[in-house]
Every structure is written in structure tokens, then in C-alpha cells.
Amino acid sequence: MSESVTPDDRTLTDEGLAPTRAGRILLIACGALAREILDLKKANGWTHLDLTCLPAKYHLYPEKITEAVRDTIAKHRGDYEDFFVVYADCGTGGGLEQACKEMGVQMVAGPHCYSFFQGNESFAKTAEDEITTFYLTDFLVRQFEAFIIKPMGLDRHPELRDMYFGNYEKLVYQAQTDDPALTEKARDCARRLGLAFERRFTGYGDLERTLKTL
């Protein structure tokens, strides 16, 4: 897929994104980060970076991530000078970090994308006071049905909402972009989950700061 074409969310969810084989460093990322990384590449002229994305649905099956990253690096070893993994721990229980160390590959710091979008230092300071907070990013707002409603069965059994979200108080929409329509969709997501709503503009946070160092 050409970088001039905005990736389709459904494709990014189910299939991911293939590399263009242009650039010295291959970024291996979650499909949920594709738009943000492609926007940063374009804005900064990072022609030395190429991007491939694993299916964003691995967000629901984190046990698949580590092996998929290993397989991707093995597949493209001869095509790039280096690799950089744009996944945080993302529920792998330290497994991804250990695999990256074994392969001599660096990865973005942080427990999950909510942390590095806000900034890991900032998130660590607020996390203890926000244990009853549910987070969404731009991608997850757009894909709310696919990643929240349907996997939890709330489309078929809306009465389960209180069981899943009864201990949450607030939904924080971490906005990477200024999009009024997306903000309204995020507000509706909060309403559907019975949660208070807060929009927190994060931009690209530590993601941008990290990629600038490559």
C-alpha cells in the first residue's frame, strides 16, 4: 500500500500493513498506530524509516504479539539495516521486551500506547489517581464497535455493561488530532458505557519524541 493512501481501519485491524521496502530502518508497529506513524513520517520527511504493521486485532490477543514480531524480523532480516518495534509491553507480560533484547532490537518505552501518547512520565504521575479511568485513542474511537462493543458482547447483551464497567468512573479520550466529529463520537462512547467524559489532547506524545531519535 502506498503511503499516500490513508490506510483503511478495517484492513489495519484484520491484516495490518505491508512494508514498502524503502528505507534503512523498518518500524514494526500495531495497526492501531499506522495513521499516526505515517503522518509523522510525512510531516518530518523521515524517508529512512519504513513501516509495517501487525493486525490491530492483536490488541485483543496480546499473546500473539511477541511471536509475530519475531517472525516479522526474521522475514525481513536481509532487507533493512535495523528494526525498531513500535509496541509498548501491550499485555505481553514482559515477553516482548525480552524477545527484543534477545534479537538486539529496540522498542518504544512504556506499558501501553495510552502511556506513551500522554507521555510516560506524565502518565505515571496520574495513573494512580485514574485507576477507574477507561482510555480511548483516535483509532479506538473510530473502531469502538470492533474493539469494545462486539468483543465484550455488548451488542448482543447490553445488560453486561455494568458488569464490565461498573467500577469505572470516567472515559478519557486521548486525542491525537483535533477532530470535532471524532470528539463527539468519543463523547457518545462514554455515554454508551455510562461513564463521565474527558477529552485530553495528547498529540503524538513520546511516540513522536522517540521516532525523532532514530
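Modeller: Angles here run from 0 to 180 degrees between N-to-C directions, with axes fitted to C-alpha atoms. Mind you, the model is predicted.

Biologist: Fine. How do you know which way helix α10 runs relative to β6?

Modeller: Helix α10 (residues 180-193) lies across β5, β6 and β7, at about 160° to β6.

Biologist: What makes β5 and strand β6 a pair?

Modeller: Four bridges join β5 to strand β6 (residues 170-175), and the two run parallel. A pair needs at least two bridges, so they qualify. Leu136 stands opposite Tyr173 in β6.

Biologist: And which order do the strands of that sheet take?

Modeller: β5-β6-β7, an open sheet of three strands with parallel pairing. β5 (133-136) and β7 (196-201) are the edges: each has a single partner strand, so one side of each lacks a neighbour in the sheet. Neighbouring strands are turned by 25° against each other on average, direction ignored.

Biologist: What about the open sheet of four strands: why are β2 and β4 said to stand at its edges?

Modeller: The order is β2-β1-β3-β4, again with parallel pairing. β2 (49-54) and β4 (106-107) have a single partner strand each, so one side of each is left without a neighbour.

Biologist: How many bridges join strand β3 to β4?

Modeller: Two, between strand β3 (residues 82-86) and β4. The cut-off is at least two, so that counts as a pair. Val85 stands opposite Met107 in β4.

Definitions and conventions:
Residues numbered from 1 in each chain as written. Predicted model: local features only at pLDDT ≥ 70, side-chain atom pairs only at ≥ 80, totals over all residues. Heavy atoms only, no water. Contact = heavy atoms within 4.5 Å.
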